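Reader: I would like to go through this model by question and answer. Please set out the terms as they come up.

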Amino acid sequence: MRFQKKNRKKVWTGTIPLIIFITVCIYMFDSYGITKHTLLDAAVEAVQSNLGYQAARSCIPFVAYDASRTGKKTIYEYLAAGMDELLPIYGYAREQTTQLAMEESGLPREMAGEDSCDQNIDALTGNLLMQENQKETDAGSTQQGEEQAAGAERVLPETVLAAGDKAYKFSRQKLNDFDYLLQNFYRVDSTTTTNSEQLNAAKMLEKDMRIDKDQEGVQILIYHTHSQERFADSKDASQSVVGLGDVLTEILEDTYGYRVLHHKGVYDLPDRDSAYSRSGPALEKLLEQNPQIQVVIDLHRDAVAEGTRLVQKINGKDTASIMFFNGLSHTTAQGDIGYLYNPNLDDNLAFSFQMQLAAAEYYPGFSRCIYLRGYRYNLHYLPKSLLVETGAQTNTYQEAVNAMVPLADILHKVLSGEAG
């Protein structure tokens, strides 16, 4: 009897507050004209609507598809996302296959819409030298390799002088505003995302990018994952990105006194699809053989729409634009990609940002915005690793060659600590 009384007391103690709460809710609902029928109808409608949508999505997905509700995804992306939810193992397999293919091929990149980033740089510096960056195509060079023709004409830079003083000074305080930084210095691919912790201007500028010029042996390695990339008027293999590597090597050695190794291995034949997978082991071996290397540059040529001309005047000479490129080892769909881990990512980002800032201040309009994508691109081997796109298939080889002078100059300014 005593046990039952105690239980009854607990029941009443818990029930009384509940009764008071329900009474207050009923009073409030009544004061706002909300009845039990209103609540019931809303609940039933919500359940029916959701069940109907889910059924349509599962059984007849074309009916459920609505671009406005799916962030304007294509119907293919919408269906693929649905399959990922219904069959998680399918989503995992699709993600792995897609990432590997995109990581290794490098192109095409999804660059829909106009590039406001490049336009912002022009507006800030007062230079209207950069042309609008349009939607890229998947046109990539698939030309077969050939030996340099005997007696081929050597193309050298036209008279392009290295910049002395800065043409423009960006406010370091403004650079610490993430939105300002992102808008004026970066372009983020749809496959990935970034944040203010990763792109922190103050932290990136604090990184010491100077190298030890007194150290013996090779200091800078230049190579080409896509060695077959050529230009609008290239005559032979000597006027490809490999030829640009020769020019850049000569300037860095003769003008600035660096010791440079230009590696001319071919990794994009017979196809481009596995170029990064093939160049990675070769790069590892080169670094093992030359442990004193402090800087690695993967020199490329971009691919754009045929109507796009990436050229501006520097010292009165037509010069191809350049673009720095970083992989974040992170996709929007998957998050951080463990098998593409990059221990040097922070330094990679700092290196490209210091290069970009130097280009913007000494050669306004010369460098397009840094392009960020979701994968890795063999940038993980050294802290000072750089992927550079020089012009595109619509540029002449001479325009690309001319770009090597300011590129070498800003590289020296960053590596010597003179960029300021």
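Author: Helices (H or I, at least four residues) and strands (E, at least two) are DSSP runs, numbered from the N terminus. This is a predicted model: local features need pLDDT of at least 70, side-chain atom pairs count only at pLDDT 80 or more, and totals for chains, interfaces and linings use all residues. Residues are numbered from 1 along each chain as its sequence is written, and side-chain values use heavy atoms, with hydrogens and water left out.

Reader: Where is serine 329, and what is its phi?
Author: Serine 329 lies in the loop between strand 7 and strand 8 (330-331). Buried means under 20% relative accessible area, exposed over 50%, and partly exposed in between (1.4 Å probe, protein chains only). At 7% relative accessibility, serine 329 therefore counts as buried. Serine 329 is not a glycine, yet its phi is positive, near 55°.

Reader: Which loop holds asparagine 378, and what is its phi?
Author: Asparagine 378 sits in the loop between strand 10 and strand 11. Its relative accessibility is 6%, so it counts as buried. Asparagine 378 is not a glycine either, but its phi is positive, about 60°.

Reader: How many residues of strand 7 are buried?
Author: Strand 7 covers residues 322-327. Ile322, Phe324 and Asn326 point one way, and Met323, Phe325 and Gly327 point the other way. Both sets are buried. Strand 7 is largely enclosed by the rest of the structure, because the buried count is six of the six.

Reader: Which residues stand opposite phenylalanine 325 in strand 10 and strand 11?
Author: Two strands pair if DSSP finds at least two bridges between them. Strand 7 pairs with strand 11 in the antiparallel sense over four bridges, and with strand 10 (residues 370-373) in the parallel sense over three bridges. In strand 10 the residue opposite phenylalanine 325 is tyrosine 371. In strand 11 the bridge partner is leucine 387.

Reader: What is the distance between the end C-alpha atoms of helix 10?
Author: The expected span of a helix is 1.5 Å times one less than its number of residues. Helix 10 (residues 241-254) has 14 residues, so it should span 20 Å. The model agrees: the end C-alpha atoms are 20 Å apart.

Reader: How many residues of helix 10 are buried, and what covers them?
Author: Ten of the 14 residues are buried, among them Val241, Gly245 and Leu252. Contact means heavy atoms within 4.5 Å. The cover includes strand 2 (220-223), strand 3 (260-262), helix 13 (397-402) and helix 14 (404-416).

Reader: Which residues have the most contacts inside the largest nonpolar core?
Author: A nonpolar core is a set of buried Ala, Val, Leu, Ile, Met, Phe, Trp, Tyr and Cys residues joined through side-chain atoms within 4.5 Å. The largest one has 64 residues. Helix 12 (residues 345-362) gives the most to this core, with eleven residues. The residues with the most contacts inside it are Leu252 and Leu407.

Reader: Which side chains make polar contacts with histidine 262?
Author: A polar contact is a pair of N or O atoms within 3.5 Å; within protein, one must be able to donate a hydrogen and the other to accept it, and residues adjacent in sequence count only if both atoms are side-chain atoms. Histidine 262 is in strand 3 and is buried, at 13% relative accessible area. Its side chain joins that of histidine 224 at 2.7 Å and that of aspartate 246 at 2.9 Å.
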